[in-house]
Amino acid sequence: MIKLSAVIITYNEERNIGRCIDSLNGIADEVFILDSFSNDRTVEIAKAKGARVAEHAFAGYIEQKNLATQLAEFDHILSLDADEALDDAMRQSVLAAKQHWAADAYSFNRLTNYCGKWIRHCGWYPDRKLRLFDRRKCSWKGVNPHDRLEFDSAGSLSTHLDGDILHYSYYTIDEHRRQTERFTTIAARALFKKGKKDSVIKRFLSPVAKFLKDYIFNLGFLDGYYGWTICRISAYATYLKYHKLSLMNRGKWHE
């Protein structure tokens, strides 16, 4: 059976980190946390639950996750966010993979809890994620803040396993709005650094297309009031990202 490191990056996650670590009991041979100098009880709770903790100034989601992966004890990694946890089916799938490791990486579905409601539409489910992997075959890439695990030249084989990552995303709608402001700034800055340009189409038609896709075609209306809220904020986030990029390109962006 292979040895497995569960890796989590954190910053002020005292309300989530205990649940995340508890879901790893009997699954991970090591729980390693790379914290960005939290000023709440995150580190205290993590250490009390037996996790190994290191600290490093936040360098970006992709950079932070790659560093955490490198600092883990074992080559086989299970990567979770602090606001995530394994359901029982996923726990069994991970145990089975540990006993008979047969892929470079394994994917799972992610089920999101939004203000107390499990969201099964809006393009939010099944939200397949590669999270269980051999670090010698994969690394974190993408454009901040949207990190994704990708194969390096040495790897290519992935398998989908049963079970869900339970994602406790936003406790209130205001939290979602605040995160949208923060993430769209990060995304716009990343596009700006790559020399990307905005356009009227991107700014105004893309949000409409995003809303129609999520609310109509991805059946967001079946999630009721919160489905409407999620799709509306997601569409606004699309507009906001390109609006901020426009301001940056015109030299009018101010933090």
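**Backbone geometry and aromatic contacts**

In this predicted model, Cys122 lies in the loop between strand 7 and strand 8. Although Cys122 is not a glycine, its phi is positive, at about 65 degrees. The relative accessible area of Cys122 is 2%, and because buried means under 20%, Cys122 is classed as buried. The loop between strand 7 (117-119) and strand 8 (129-134) is also the place of Pro126, which is joined to Tyr125 by a cis peptide bond with an omega of about 15 degrees. A cis peptide bond is likewise found between Asn144 and Pro145, where omega is about 10 degrees; Pro145 is placed in the loop between strand 9 (138-143) and strand 10 (146-151).

A positive phi also occurs at Leu219, a residue other than glycine, with a value near 60 degrees. Leu219 belongs to the loop between helix 6 (200-217) and helix 7 (224-249). With a relative accessible area of 35%, Leu219 is partly exposed, whereas Cys122 is buried.

Turning to the aromatic side chains, the count of ring pairs comes to 15. One of these involves Tyr61 and Phe183, whose ring centres are 5.7 Å apart and whose planes meet at 75 degrees, so that the pair is edge-to-face; an angle over 60 degrees is what that class requires. Because Tyr61 lies in helix 3 (residues 61-71) and Phe183 in helix 5 (residues 173-193), the pair ties together parts that are 122 residues apart in sequence. Tyr61 itself has a relative accessibility of 15% and therefore counts as buried.

A tilted arrangement is found for Phe204 and Tyr239, which form an aromatic pair with a centre-to-centre distance of 5.8 Å and an angle of 40 degrees between the planes. Since Phe204 lies in helix 6 and Tyr239 in helix 7, this pair ties together parts that are 35 residues apart in sequence. The two partners are both partly exposed, Phe204 at 45% relative accessibility and Tyr239 with a relative accessible area of 22%.

Val208 and Arg232 are 24 residues apart along the chain, and their C-alpha atoms are separated by 9.5 Å.

Beyond these individual pairs, ring pairs link Tyr114, Trp124, Tyr170, Tyr225 and Tyr226 into a cluster.

Terms used:
Residues are numbered from 1 along each chain as its sequence is written. This is a predicted model: local features need pLDDT of at least 70, side-chain atom pairs count only at pLDDT 80 or more; totals for chains, interfaces and linings use all residues. Side-chain values use heavy atoms; hydrogens and water are left out. Helices (H or I, at least four residues) and strands (E, at least two) are DSSP runs, numbered from the N terminus. Buried means under 20% relative accessible area, exposed over 50%, partly exposed in between (1.4 Å probe, protein chains only). Rings of Phe, Tyr and Trp (its six-membered ring) pair if their centres lie within 6.5 Å; planes under 30 degrees apart count as stacked, over 60 as edge-to-face and the rest as tilted.
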